[in-house]
Amino acid sequence: MTRMSGQVWVSLISLGGVALGGVLSYLVQHRTQQSADRAERQRRQLAVSEARRAERLALLERFIEVGAEAERAAFSRPTDHDRTDPWYLTTSDAMNRLWVAERLIRVQFPLPVHEAARAYFLDLNRTVWEGLPEGESVRDYLEANRLAFLDAARGAMG
C-alpha cells in the first residue's frame with residue numbers, strides 16, 4: 001500500500017506540475033496577447049493622429065494660399081468694376097474658395113482657430129468688395145487678424 005501511495009504521490013505531483021505549467025503558460029500567453037493588442041491600438045491611434053495632422057496642415061495651407069490670392073485681389077482692386085470685369089470674376093472665385101476653406105477650418109480645428117480665421121476672412125472680404133478709405137493700407141488693415149489666425153493655428157498644431 002505504501003508503494004502504491006508513493007506512486008500516487010508521484011503521479012499527483014506530476015499532474016500538479018503539468019497543471020501549474022499550463023496555468024503559467026496561459027498567463028504568459030494572455031499577457032503577451034494583451035501587450036500586442038495594446039501596441040496595435042497605440043500604432044493605430046498614432047496613424048490616425050498623423051493622418052489628421054496632415055489633413056489639418058493641408059487645410060491650413062489651402063486657407064493661407066487662397067487668402068494670399070484674395071489679398072492680391074484686394075491690392076489690385078480697381079476703383080470701378082462690374083460683374084463682367086476679369087478682376088471681379090477671378091476675385092469672386094478666390095473669395096468663394098476662401099469661404100469654403102474658412103468653413104472647413106471650423107470643422108477641423110478648435111473654436112479659437114476658427115474665430116481667428118473668421119475675423120481674418122471678414123476683414124479680407126470687406127477689403128476686397130468694399131475697399132478701404134483713402135490712405136489706409138490693405139496690408140496694415142489685414143495684418144493683425146492674419147497674424148492672430150496664424151498664431152492660433154500654430155498653437156493648435158502643437
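A residue is called exposed when its relative accessible area is over 50%, buried when that value is under 20%, and partly exposed in between. The structure described here is a predicted model. With a relative accessibility of 57%, Glu-130 therefore counts as exposed.

Glu-130 pairs with Arg-126 in a salt bridge, and their closest N and O atoms are 3.7 Å apart. Both residues belong to helix α3, which covers residues 111-130, and because they are four residues apart they are separated by about one helical turn. Arg-126 is partly exposed, at a relative accessible area of 31%.

Side chains of opposite charge can pair when their charged atoms come close.

The side chains of Glu-69 and Arg-97 form a salt bridge with an N to O distance of 2.7 Å. Glu-69 is in helix α1 and Arg-97 in helix α2, so this contact ties together parts that lie 28 residues apart in sequence. Both partners are partly exposed: Glu-69 has a relative accessibility of 22%, and Arg-97 has a relative accessible area of 28%.

Helix α2 itself runs over residues 86-108, a total of 23 residues. From its first C-alpha to its last it reaches 33 Å, close to the 33 Å expected at 1.5 Å a residue. Its N-terminal end is capped by Asp-85, which places a side-chain oxygen 2.7 Å from the backbone nitrogen of Trp-87. Trp-87 is also one of the buried residues of α2, a list that includes Tyr-88, Met-95, Leu-98 and Ile-105 as well as Glu-102.

In helix α4, which spans residues 138-157, Arg-146 and Glu-143 are three residues apart, about one turn of the helix. They form a salt bridge in which the closest N and O atoms are 2.6 Å apart. Arg-146 counts as buried because its relative accessibility is 17%, whereas Glu-143, at a relative accessible area of 24%, is partly exposed. Shared partners extend this contact into one network of salt bridges that joins Glu-71, Arg-139, Asp-140, Glu-143 and Arg-146.

The surface also has a nonpolar feature. Val-8, Trp-9, Leu-12, Ile-13 and Leu-15 form a nonpolar patch there, with about 550 Å² of accessible area together. Leu-12 sits in helix α1, which covers residues 2-75. At a relative accessible area of 46%, Leu-12 is partly exposed.

Terms used:
Residues numbered from 1 in each chain as written. Predicted model: local features only at pLDDT ≥ 70, side-chain atom pairs only at ≥ 80, totals over all residues. Heavy atoms only, no water. Patch = residues over 30% accessible without salt bridge, like charges linked within 9 Å, V, L, I, M, F, W, Y side chains within 5 Å. Areas by Shrake-Rupley, 256 points an atom, 1.4 Å probe, with all protein chains shown as cover. Salt bridge = Lys/Arg side-chain N within 4 Å of Asp/Glu carboxyl O. Helix = DSSP H or I, 4+ residues; strand = E, 2+ residues; numbered from the N terminus. Buried < 20%, exposed > 50% of the residue type's maximum accessible area, 1.4 Å probe, protein only. Expected span 1.5 Å × (residues − 1). Polar contact = N/O pair within 3.5 Å; in protein donor to acceptor, adjacent residues only side chain to side chain.
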